[in-house]
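Let's take a walk through a protein model together. Keep the picture open while you read.

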Amino acid sequence: MEISKTLTLSFGVITGMIAFVIIAVGAIIIAIRYQKRLLQKQAELHKNDLQHKEELLISNIQSVEEERRRIAKDIHDELGAIFSTLFITINQLKTTDPQNAGIINTGKELINTGIKSVRRIAHSIIPDELELFGLNIALENYLHPLKTSFTINYNNTLEKGSLSSNEEIALYRIIQELVSNTLKHAVASAISILLDKINEEVVVNYNDNGNGYDHGSALKKEGLGSKNIESRIIAMNAAMNIITSPGNGFSCVIRIPLPKKLK
Amino acid sequence: MLQQLFFEYGPFVIFIPFLLSVWNYKLYPGTLKSITYYMTASVFTQVLSYILWKQSKNNYPLLHIYTLVEYLVLLRFYYSILHSFLPKAVFVLLATMVPVFFVIDSFFLESIYLYNSYSRSIEALIFIFLAMSWYVKLVSEDPKEPALLVPVKFINSALFIYFSGSITLFSFANSISGRIAAFNLSIWTLHTLLAVSLYVLITLGLWKYRKH
């Protein structure tokens, strides 16, 4: 009787030990699987959030460019037409009075200045050659006036159509911003801009021989210009690497993945 | 024969996590330092109880002391990973009332020369509760120290499996001891198997931290 009781108890203990181990292992597996699923969900949400932000950014940049295009067109077409009509109207005035003739000539000169200003303003808002002839010509035209004061080394070996029109606008704006920074802050005498296709990427090398700056501390107080560059880089799914330090000029490499059809 | 060998020498697997935890002691945060203390206390007890057993001396008094030390060291471990999740009062209660009960049990309830069933069972219950609490925390909070997540996952699982598997044995240890030798050996070999899996999983946890 005693032996039978002990046997039952021992069996009970062994069964209990095995059962509890199985339950514990099961609970661990369930908890870890559940946690993995939660982490996957969180990662997915985070990814969707990033994607959404990127889409917003792209749409924001596109709408800004669209608005600029509209303003430039309105200024050029409407104000330009008004000035032209005004010029034709004044041209019809006939006078023998030398004083009035002088006033008419001054008026004509002012109208011509106005027409030039309208073209310049419209062009600075959005260069029409960017849309008509592409990035290369637009950049050449943009850099041409600077050649009187700076040594400009510009070389573009990209085939036409390597970048989409949105990417061309974005890259044009980035280079514009970089050049503007060099002119404003760098005290440089030479600027080098090289555009090339390397493997499956468009690579832009921008260098100046100016003062340079402490990149680490500049990152903390990023200005609007840098933020604009950053937004456009994100929108293009590109990467940018800046190398600069006080007294050593400024160097920047931008890598833009080529559209899939060209790969 | 093989079972006897495993029963006798299996627990010495403990030297692997012990040496690993001592070797990397300086690199460890407080949470893993508790595991080094636990391993040190376990190795010390293991060796001493083996010597006493070989000399045919009763080693249960050592187990009574070890239970108290093990409990406090592991409670420190769980406090470090659960202090933000469980109310502080729970830990205050566990750190004061339970050790007092262990001492009362050793001196007044169960003989110091017998297995301390009550203390071991309560200890196991508490650690099962704390281990499960950590899993609840795992699925309800973002990890605050990602570097510790994997090591703690292994160590907590090790303790959870060990105490879950052993609680039945702890509860009935005195009732089955000395009755049928073959069964006794089988049960305690099963316990050795649990202890070995405990040490292996702790080793893996510590190794994962070392790799990190």
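How many of the 31 residues of α7(B) are buried?

## A helix in the middle of things

The count is 23 of 31, so α7(B) is largely enclosed by the rest of the structure. Here, buried means under 20% relative accessible area, exposed means over 50%, and partly exposed is in between, using a 1.4 Å probe and protein chains only. Helices are DSSP runs of H or I with at least four residues, strands are E runs of at least two, and both are numbered from the N terminus.

Before going on, a word on the ground rules: this is a predicted model, where local features need pLDDT of at least 70 and side-chain atom pairs count only at pLDDT 80 or more, while totals for chains, interfaces and linings use all residues. Residues are numbered from 1 along each chain as its sequence is written, chains are lettered from A and ligands numbered from 1 in the order in which they are written, and side-chain values use heavy atoms, leaving out hydrogens and water.

Back to α7(B): there's a kink of about 40° in it, centred on B:Ser166. That bend is the angle between axes fitted to the seven residues ending at a residue and the seven starting there.

In soluble globular proteins, nonpolar side chains tend to be buried together. A nonpolar core is a set of buried Ala, Val, Leu, Ile, Met, Phe, Trp, Tyr and Cys residues joined through side-chain atoms within 4.5 Å. The largest one here has 66 residues, and B:Phe163 is among those with the most contacts inside it. Its largest share, 15 residues, comes from α7(B).

A second, separate core has 35 residues, including A:Phe150 and A:Ile256.

## The sheet in chain A

Chain A has an open sheet of five strands, in the order β1-β2-β3-β5-β4, with mixed pairing. Two strands pair if DSSP finds at least two bridges between them. β1 (151–156) and β4 (239–244) of chain A stand at the edges with a single partner each, so one side of each has no neighbour in the sheet.

Further in, β3 and β5 of chain A pair in the antiparallel sense over eight bridges, and A:Asp208 stands opposite A:Phe250.

A:Val187 isn't a glycine, yet has a positive phi of about 50°. A:Val187 sits in the loop between α5 and β2 of chain A and counts as exposed, at 67% relative accessibility.

A:Asn237, also not a glycine, has a positive phi of about 60°. Its loop runs between α7 and β4 of chain A, and at 57% relative accessibility A:Asn237 counts as exposed.
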